[in-house]
Amino acid sequence: MYRFLLTPRWWGINVFAVLAIPLCIFMGSWQLSRFEDRVQSHQQQEDRSARAKAAAARPLERLLPVDTVTSGRQASARGRYDTAHQLLVPARTLKDKHGERQGFYVLDLLRTDGGKAVPVVRGWLPGDAGAKADTAKVPAPPKGEVTVTGALQASENQGTDGVQAGGGLPRGQLGMISAASLVNIVPYEVYDAWITQTDPQAPLHAVPPAAAEGSGLDLKAFQNLGYTGEWFVFAGFVVFMWFRLFRRDAEAAKDAALGIVPEGEDGDDDGGGGAGDGVGVIASVSRDVDRGDGPADGRGAGPSAGRGEEQGEAARAG
């Protein structure tokens, strides 16, 4: 009954199923492991952030380059602020106990004793970076040599929230905090990192450090979880289609073994006689009507019979 499984068609179906099902399971398991890694990395990052807030600050040079381990760590740098190049970073959202508020960062460049400068976000202010009434509230940076302490952050990129990488900003504004965006603004080297100050000067608000890229439960993490479900659904769909095709062909083979022919294959032989008889009856009736023949009682006489009766009556009258 199951000899159809040895046909070339079924060989192809079986080979496809044998290859597709393990592949779907493997890809689904791999995507699930990626999601679990991101969850674990997120938990580790939160633990490091909690420890970093309580840990003593370390010199900036010892924490570079910034990675998932050093991101968020307390760093210290000593130097002088470049008061001629104060920048505002517009359209930045601050999340606090009051909810989400729109405003801008106040960024100054601290020139260290080594000659290079580190961008320092001194704080956040609500309002519009292009409105004079709002920018008038920005306090001037401290003069002289100072020591800055804050959370170390990696340079921003085009995927960072709030970044305006398209350019076209007014003079004195910066769309992305990175060494690459500052290279054409200042005439000295800049560290590929920045510091968000822990204790900002009033009325500035402290900017909380962001999680290192790839270490949080962001959209990519939930994409991995969605891909996991899709691959497992694909595996189940392959199994479902295989059993559906198998059951259909098995039932067809069983019917053929019992001599049951599918409807429609012998329809011409069964209906041919009936159609011929019907055509013959219609042709016979048509010939009788043309000759004027009718039923035996004469009620069905044709037009020629009526004309003969009228001629006979006219002859008798004459």
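Predicted model: local features only at pLDDT ≥ 70, side-chain atom pairs only at ≥ 80, totals over all residues.
Ala77 stands opposite Val148 in strand 6. Strand 6 covers residues 145-154 and runs antiparallel to strand 2, with seven bridges joining the two.

On strand 6 there is a further partner to follow. Strand 7 runs antiparallel to strand 6, and five bridges join them. Within this pairing, Gln153 stands opposite Trp194 in strand 7.

## Strand 4 and its partners

Strand 2 spans residues 74-81 and is also joined to strand 4, residues 99-112, by three bridges in the antiparallel sense. Gly79 is a residue to look for here, as it stands opposite Thr112 in strand 4.

Strand 4 also pairs with strand 3, which covers residues 87-96; these two strands are antiparallel and share eight bridges. They form a hairpin that has two residues between the strands. Leu94 has Arg101 in strand 4 as its bridge partner. Strand 5, residues 117-126, is joined to strand 4 by nine bridges and runs antiparallel to it. In this pairing Tyr105 stands opposite Trp124 in strand 5. The hairpin of strand 4 and strand 5 has four residues between the strands, and Gly115 in that hairpin takes a positive phi near 105 degrees.

## The chain as a whole

The chain holds seven helices and seven strands. Along the sequence, their order is α-β-α-β-β-β-β-α-β-α-β-α-α-α. Of the 318 residues in the chain, 31% are buried. When contacts with a separation of 6 or more are considered, 68% of them are between residues 24 or more positions apart.

## Confidence

The average pLDDT of the chain is 81, and 78% of the residues score at least 70. Among the elements, strand 5 has the highest mean pLDDT, at 96, while helix 6, residues 267-291, has the lowest, at 42. Over residues 267-318 the pLDDT is below 50, and this stretch has six contacts in the model beyond near neighbours in sequence.

## Backbone details

Two cis peptide bonds can be found in loops. Pro65 lies in the loop between helix 2, residues 60-63, and strand 2. Another is the bond from Ala202 to Pro203, which is cis with omega near 5 degrees. The loop that holds Pro203 is between strand 7, residues 193-197, and helix 5.

Ala91 is not a glycine, yet it has a positive phi of about 55 degrees. Ala91 lies in strand 3. Ala91 counts as partly exposed because its relative accessibility is 32%, which falls between the 20% limit for buried and the 50% limit for exposed.

Glu46 is found in helix 1, which covers residues 8-54. Its relative accessibility is 46%, so Glu46 counts as partly exposed. In sequence, Glu46 and Ala211 are 165 residues apart, but their C-alpha atoms are 8.2 Å apart in space.

Asn224 lies in helix 5, residues 219-257. Asn224 counts as buried because its relative accessibility is 8%, and the cut-off for buried is under 20%. Leaving out residues up to four places away in sequence, Asn224 touches Gln31, Arg34, Phe35 and Arg38.

## The second largest pocket

The second largest pocket has about 250 Å³ of space. Its lining is made up of Ala84, His85, Gln86, Leu87, Leu169, Pro170, Arg171, Gly172, Gln173 and Ile185. By class, five of the lining residues are nonpolar, four are polar and one is charged.

Technical notes: Residues numbered from 1 in each chain as written. Heavy atoms only, no water. Pairing = 2+ DSSP bridges. Buried < 20%, exposed > 50% of the residue type's maximum accessible area, 1.4 Å probe, protein only. pLDDT = per-residue confidence, 0-100. Contact = heavy atoms within 4.5 Å. 1 Å grid on protein atoms, 1.4 Å probe; cavity = no way out; pocket = protein on both sides within 12 Å on 5 of 7 lines; lining within 4 Å. Points joined across faces, edges and corners; volume = space filled by probe spheres on them. Nonpolar A, V, L, I, M, F, W, Y, C, P; charged D, E, K, R; others polar.
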